Amino acid sequence: MTRDDVKSCSFCCIIFHDPAMYYLHRSMHDKMDVRCCNLCGKLLLDKYDFTAHFLSQHK
């Protein structure tokens, strides 16, 4: 694995060694505003609020 294979979410500060998992994660964020849930449109406060939202609302 090279450094080019490692992706990270700049909003959540999560590092992904698998590009597919990165793109799956990235699809959860709205393209225009990463604080916004792409599934329901809710605007969240920060990465902790975003994670809590996903765990409680989109199991």
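A polar contact is a pair of N or O atoms within 3.5 Å; within protein, one must be able to donate a hydrogen and the other to accept it, and residues adjacent in sequence count only if both atoms are side-chain atoms. This is a predicted model, in which local features need pLDDT of at least 70, side-chain atom pairs count only at pLDDT 80 or more, and totals for chains, interfaces and linings use all residues. Residues are numbered from 1 along each chain as its sequence is written, and side-chain values use heavy atoms, with hydrogens and water left out.

Q: What makes Asp-46 a cap of the N-terminal end of α2?
A: A side-chain oxygen of Asp-46 lies 3.1 Å from the backbone nitrogen of Tyr-48, and the cut-off for a polar contact is 3.5 Å. Helices are DSSP runs (H or I, at least four residues), numbered from the N terminus.

Q: Why is the pair of Phe-16 and Tyr-22 called edge-to-face?
A: Rings of Phe, Tyr and Trp (its six-membered ring) pair if their centres lie within 6.5 Å; planes under 30 degrees apart count as stacked, over 60 as edge-to-face and the rest as tilted. The centres of Phe-16 and Tyr-22 are 6.0 Å apart and their planes stand at 65°, so the pair is edge-to-face.

Q: What makes the pair of Phe-50 and Phe-54 tilted?
A: Their planes are 40° apart, with 5.2 Å from centre to centre.

Q: How do you know that the buried residues of α2 line one face of the helix?
A: Phe-50, His-53 and Phe-54 are the buried residues of α2 (buried: under 20% relative accessible area; exposed: over 50%; partly exposed: in between; 1.4 Å probe, protein chains only). Seen down the axis of α2, they fall within an arc of 95°, so they line one face. The arc is that of the directions from the helix axis to the C-beta atoms.

Notes:
Helix = DSSP H or I, 4+ residues; strand = E, 2+ residues; numbered from the N terminus.
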